[in-house]
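Let's take a friendly walk through this model together. Have the sequence and the 3D view open as you read.

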Amino acid sequence: MREGKKGSTGASSLKKKEKLKKTKTNQNHNEEDNNTIITKKKNTKKTAKKVQFEKQEEEPLQKKKQQQQQLPTTDSQSESGSESDYEDFSEDDVSEDYELLRQSEDGESESSGEEVHGNHSDSGNDDYHGLEDHSNSSESHQGVEESDSSEDEVVPRNTVGDVPLEWYKDEKHIGYDISGQKITIKERQDKLASFLASVDDSKNWRKIYDEYNDEEIELTKEETKLICRLLKGKAPHAEFDPYPDYVDWFKHDDALHPLSNAPEPKRRFIPSTWESKKVVQYVRGIRKGLIKLDEPKEEEQRFYLLWGDDSSAAEQANRLSYIPAPKPKLPGHEESYNPSLEYIPTQEEINSYQLMYDEDRPKFIPKRFTSFRSIPAYENAVKDSFERCMDLYLCPRVRKKRINIDPESLKPKLPSQKDLKPYPATCYLEYKGHKGAVMTISTDASGQWIASGSTDGTVRIWEIESGRCLRIWEIGEAVQYVAWNPVHELPLLAVSAGQDVLILNSGFGNQEDQRKVKELLHVQTPTALDDSDNMASIVSWHQDDKHDGIRLKHFKTVTSVEWHRRGDYLSTVMPADILLFLSKKLSHRIPFKLHGLPVSSVFHPTRSVFFISTKKNIRVYDLVKQKLIKKLETGLREVSSVAIHPAGDNLIVGSREGKLCWFDMDLSSKPYRVLKCHPKDITNVAFHRSYPLFASSSDDCTAYVFHGMVYSDLNQNPLIVPLEILRGHKTSNGRGVLDCKFHPRQPWLFTAGADSVIRLYCH
Amino acid sequence: MGLILNPSPLSHNSLIASIFTPCVTEDSLPPCRSITDLPGKKKEGNAARYITRSQALKHLQVNTKLFRRLCIYKGVFPREPKKKFRGNHHTYYHLKDISFIRHDPILEDLRAKSAYAKKVTKAKAKKNKELADILIKRQPQIKLDRLVLERYPHFVDALRDLDDPLALVHLFASLPASDRMKIEVKRVHNCRKLSHEWQAYISRTHKLRKVFVSVKGIYYQAEVEGQKITWLAPHGLQQVLPDDDVVYDVLLNFLEFYETLLAFVNFKLYHSINVKYPPILDPRLEASAAGLLPLSYFLGDCLGVWVHLEQVAASVELYALSRYFDTNYRTAEQIDGTERDESELRLAQLQHQLPSNEPGALMQLVKGAADENEEDEDTKECKKLFKNMKFFLSREVPRESLLFVIPAFGGVVSWEGEGAPFEEADQSITHQIVDRPTQGHIYLSREYVQPQWVYDCINARIILPTEAYMVGRVPPPHLSPFVDNEEEGYVPDYAETIKRLQAAAKNEILPMPGLGKEDLEDPQNLLAEGYLSRAEAIEAAERKRTLLTKSNSKLMQMMALEKQYHDELKMELQGNQYSSSAVDKNKQISGEDSNNEEAREEESLPDMQDTAKDAANMSTLLMSRKTRGLYEAMKIGKEKKKADVSLLKERKKRIQKIQTQNTKKN
């Protein structure tokens, strides 16, 4: 204890000395205060140096002190050390902190270790034990002087780990120590006692209760300082110097070379024995001929019988089929060096090649050399073979069947025309009389008469057999369409001219028929007005006195008129609308919506079905149910005419692009066959009522007659055979044949031409 | 918390990346994956079966050059898929073809070679010439034997595809070596060697059939094992190497394969006639040739000399080859002969052993064996063409070609120069081939002809009269033997004269159409003739049909005649008795008919025309669009042919007119 006190007093005396010095320096400062700022700085530097110097001076002192501290064996030494430390700290000279720390370092660490041990051995360890511990700790401190890791490495007494202490809330212990013993909770002092104790204890502010180990820890001075430093944002350890002075380890003086200047060793000048042995070995090898130098390799590729036995060559089934490249074309006469004179093109022809397209231009122009010696080298030899090579590896190869046949054999086999007779083939009669182009013709149901309408504004009736013109009506307007009533007993004629449709009495038939007709043709104007006001605006029925018939007035030009097979209905087509007329002098508008303008209309020959063709499609309606049944897609640009087969299942459509479509309505809504026969517009198409014939007439002055057989067997497709091309009409104003109609019973065809002639073709 | 939260955005990012990467790097697939394994919709049809060129490149991991090389070696070519799934501007390969390349070890070899080439360039770049030389010397060699066998499993296949190899090898044999184009001297020499070996074989076995001298070069056609092989050998003149539009790498790649192929083919051919391959040439001749060749190479600057020397050297080499052949072949024949003797002996023994009641069968057996041994008739004919003829070539004549051609047809040749078998002064020479405006010294014992005479004789297979081919004259036109004049529809004049000469050589007169020959025994001949004359008759009829408008009645008569002729023919074929009375009858009937019809038809002449047209139109109406297109195309082709012929005829007429005018003036 004494020695320790002495030590402490020694230390305190030293500090006092320092203090004195400091005060001196301060005095110096005060003296020089009046000087300029620069000098002041200098002075501060000086003071710093002085402090350092002091520090150096202190080091040996410290050592001494350590030695002194090692000597004592008593426990109380630590307390005194700590006391002194505390005193120093309390003196509160910030400038001196650094030095102070240095001084007190050892003492503090010791004291902390001591404390731990003290706490540990509170159950009653003897002195010897504590002494041992102490010596140990001091030794360790000597070994690693500046390390303070011992503090961090204090092993927690409790071994329960990082578990919440709530779990031990109800227990008397709080965990287990390293030997497995329970750590029991110490008796807590009551609050008053603890308060009093804290009031008494000056170190109380440094004490922390460790709940986990159930002990009170007193923070050492060092630890508090560490915390202070951390709070200030400095490095935690005071001894860490972020800006250390540079230490120049290398000695610059007295060195000629940076490295060793020793002379080359001898062994580097002596040839290696191992190498010489190897060389000797090689030389022997060469002499003996074991090693051959630069032996020219066997240049010649050894060829052998590659295709030894052809039969053994395995067929590779897995490979793709090899398509041999087509052989280059063999040269003709023109490639000869001395071709016949006729193969050489004239200069004009060669010049004309310049005007050709590149593809058409001949690749090779024949030349003639009169002797063998005058043939020059061919300039494109390399290029040609290069192109061939490129073709060989870059051109896609396809196996194509080349048919070397007569083109005539491609034509389909048709039944001979002789077997398909009778059909109209030759012109038999011409009906002349019209002044203008004959727009339309119609044959009487009896087959005796033919009516025709022309642009000269007349409707004429001809006797078929004789060609005599029987009757003429002057309509006054260009006649668009004429149609005989299909019923034999009602010899009525419907004529469309301009915006009107006239129903005329032809005057044929016996007395009774005439009476009936007269009755029918009598119309009372008011009845027309009684009709729905909508219809009245479109069409109105009038009595036509001049021609002794009925005049139906439309608001637009009527393009075609069609009778129903029983003769009691009539349909008229206007570019905007289709109307159905009843013979009871009622008119009825088609209640369907059409997409596009109507072109023509046809009644089904047997059922109450009605066909309307627009420009692109044909719509089939049921008149009873008033429903759309079917829509036929022609695929044509503009339909011009439609005709229906007498059986009612097949339909032909003519178009303005000259195509003729045959529809089999049982088969599909697309054409069964499209025939491109006319180069110009088809004006009309017609079926024969009894013979398997149909015809088309066109503006190219021809009419085609076809054989169109429809079999009753549904599995057999209709047979279409073109039979005859009928010529004879002459073109006028760019129009040719305007209408064609078959005779109702005979295989005869009537054609109406733009050259104002009607022709009859017979078989 | 911070620590837990932080990694989550990272992991999120990585997740996104893993989703997007396949989309971004879809094109660069790992090599192990086949193209059909692409993620997404499974491919079907053409898209699964074909890949485009760029896809194939990626698939094989090669560059374009290497791919080209592989394609050339392996004989892989693009194919046309039915539907081009990537558009028209792509080249499509079959997937099987590409995988076929992929599994071939040649791919690895070529890769190794290119890697080795890098070493060499590196050494060169470092100016380490020694190392570069050593490396070049030790370059790995690529062998193409296996590929040849793979591409041509049978020898006949190889022969069938031999046209292009021969043409290219012959071309390169005549090209100058060039460093810039990487055409090495060694290769040119090898090409020359190969072409001479081939020519020697063809010439010695008399397989050559047709020769045609064109502006582009000389076409030869040989028939080996039933395969017609045609190749083009350029004229023996200095060839120009064009710089642009020719990629020499392509040519050289092809050549590399072709050289190997041709060498093996030559081996097989030589082997088949019991001659060793490669041939060992007469050392003296070879030496002279070899001495000339390097010389010629070093004298490369003065072109004329070069070419001449080259030719001389080549011809000497060829001669050496043929000499070698002669000796070997003769021995081979001798061997053959002995073998045959042996076989006959054995046959005799067999005959002894066999019962004597079947001598006929045995005789037939022997005959069959004999027939097999003999060459086919064509070869016999060719062999005999220049028999007992001795040719001498003047200096200016293209020696290489004639040295090849004349022996092929049984002639004996010599030339002016070193190593010639006999001199110009030799009295036994029958023909001297010259190509100069005038001949100074003339031996009366021989005929002087231009080289074209030889070729024309070969093509006509007869010895033509030499008057037209005399020195200084313009020879008659040289016609292509590859053209079927009848099919072309135009027969040049000279072809007709040759035909007549041929017929004369056979002591036969061409049968005229309509003239029945009753004394012909051979039914086959008759048939052939009938066919020929019928074809002519049809042609005549066609010609007349065009004149229809002029005189219809004539046509009818012609028709009647034709009909009658056909009837006659039929009767002949049936072997019926041919009576002149029947002909008279026929004629009378037809005459009456024609008279009757004349009156009727003349009035409706235009109608007739129309009806003829209509009839043609009618059936085209019902054709489907496809067949109609085909029909039209065929028609156009025919019309074009016709137009060509008519152009020729027109020109001929004009020329004749000018000629007659000239003669009149004179």
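Between chain A and chain B, the count of salt bridges is six. Do keep in mind as you look that this is a predicted model.

Now step back to the whole contact between the two chains. Chain A brings 91 residues to the contact, and chain B brings 107 residues. Together the chains bury an area of about 8900 Å², and carbon and sulfur atoms give 64% of this area. On the chain A side, the residues that lose the most area to chain B are Trp307(A), Phe372(A) and Tyr393(A), which together make up 10% of what that side buries.

Next, turn to a pair of helices inside chain B. Two packed helices are described by the angle between their axes and by the distance between the axes. Here the pair is helix α4 of chain B, residues 53-60, and helix α6 of chain B, residues 95-102; they pack at an angle of about 30°, with their axes 10 Å apart. Because angles under 35 degrees count as roughly parallel, α4(B) is roughly parallel to α6(B). The crossing of these two helices, α4(B) and α6(B), is right-handed.

Which residues meet where α4(B) packs with α6(B)? From α4(B) come Ala56(B), His59(B) and Leu60(B), and they meet Ile98(B), Ile101(B) and Arg102(B) of α6(B).

How values were computed:
Residues are numbered from 1 along each chain as its sequence is written. Chains are lettered from A and ligands numbered from 1 in the order in which they are written. This is a predicted model: local features need pLDDT of at least 70, side-chain atom pairs count only at pLDDT 80 or more; totals for chains, interfaces and linings use all residues. Side-chain values use heavy atoms; hydrogens and water are left out. Axes are lines fitted to C-alpha atoms, for helices over the stretch in contact, and angles run from 0 to 180 degrees between N-to-C directions. Helices (H or I, at least four residues) and strands (E, at least two) are DSSP runs, numbered from the N terminus. Angles under 35 degrees count as roughly parallel, over 145 as roughly antiparallel, 65 to 115 as roughly perpendicular and the rest as oblique. A crossing is left-handed if the near helix is turned anticlockwise from the far one by less than a right angle, and right-handed if clockwise. Contact means heavy atoms within 4.5 Å. Buried area is the accessible area (1.4 Å probe) that two parts lose on being put together, summed over both. A salt bridge is a side-chain nitrogen of Lys or Arg within 4 Å of a carboxyl oxygen of Asp or Glu.
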